[in-house]
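Open the model in your viewer and keep the selection tool at hand. The stops below go from one selection to the next.

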Amino acid sequence: MKAIVLLFLLFSSLAWSSEHIECGKSCTFVLKNHKEATYSIINEKRADVRLTPFSTFKVPNTLIALDAGLVRSLVQELTYDHLKYPAQRWWPSIWYDKPLPIRAAFQNSAVPIYRQLASQIGRKRMSHYLIQFEYGNRDISSGLDKFWLNGSLKISAKEQVNFLQKLFSGALPISDDSLSLFKEVMLVEETGSYKLYAKTGGGQINDEFALGWYVGVVETGNNMYFFAVNIDGKSFAEVQQRRIQFARQHLSRLGVI
């Protein structure tokens, strides 16, 4: 854990040292202050536009797997049907080399493991949880193991933020144990003044358009801040690092981190 956090801190400092990201209308940033119940928003019109969540859906997917008992601990090894999901050339080897515990699967965005988890959750149970969570348009019709991957499920940046607020303030219908385990899964950085919980997401929408997400929560000593960024580019490689840089740029500007 300490090694992961140190590596993240090193990357973050390098990212922050680069020039600021300007993206015009091709991005949005939403921050909600829990204590003051106020928003700070860049491109408010876009903040209400529902888009495919890509791997930010690993947040509710993980919660459901924990709450439903499919994942019972942070050390349980998870795998998937290798015949149903054969390894692709672009996959990182950590996705298929060996089984992964849930934190590693989450932090490395192991798509096949999460497609397997969604299948195990089942259509009826998945739909029930998403309705309870009020998660985006709740539409899983494009396929139980892929509806969040440029499929039928859509969510806006504001909805991402409101979902995270309900989650971290204990307002979702999940057990305290599930929330406690989940927070260990989502934690990416801890300093003397804050904890950062976050998840990336993104992918290629078509040949000329890619979407990147970065969503999360910053816990300080006496407050919580919920944020969501989405940003466009011509390729996934273009948005892959910019989404985190853009988020940290504005979290720092607002004095959150």
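Which residues touch the most other members of the largest nonpolar core? Select M126, F133 and L167: within this core of 60 residues, these three touch the most other members. Keep in mind that the model is a predicted one.

Next, select C23, Y214, A247 and L251. They belong to a second, separate core, which has 20 residues.

Go back to F133 and centre the view there. F133 lies in helix α6, which covers residues 123–133. Is F133 buried or exposed? F133 counts as buried because its relative accessible area is 0%, and the cut-off for buried is under 20%.

Show what surrounds F133. Leaving out residues up to four places away in sequence, F133 is in contact with P60, L63, I64, F163, K166, L172, P173 and I174. Pick I174 from that list: I174 is 41 residues from F133 along the chain, and their C-alpha atoms are 9.7 Å apart.

For the last stop, select residues 27–33 and 38–42. These are strands β1 and β2, which pair in the antiparallel sense over 5 bridges.

How values were computed: Residues numbered from 1 in each chain as written. Predicted model: local features only at pLDDT ≥ 70, side-chain atom pairs only at ≥ 80, totals over all residues. Heavy atoms only, no water. Helix = DSSP H or I, 4+ residues; strand = E, 2+ residues; numbered from the N terminus. Buried < 20%, exposed > 50% of the residue type's maximum accessible area, 1.4 Å probe, protein only. Contact = heavy atoms within 4.5 Å. Pairing = 2+ DSSP bridges. Core = buried A, V, L, I, M, F, W, Y, C linked by side-chain atoms within 4.5 Å.
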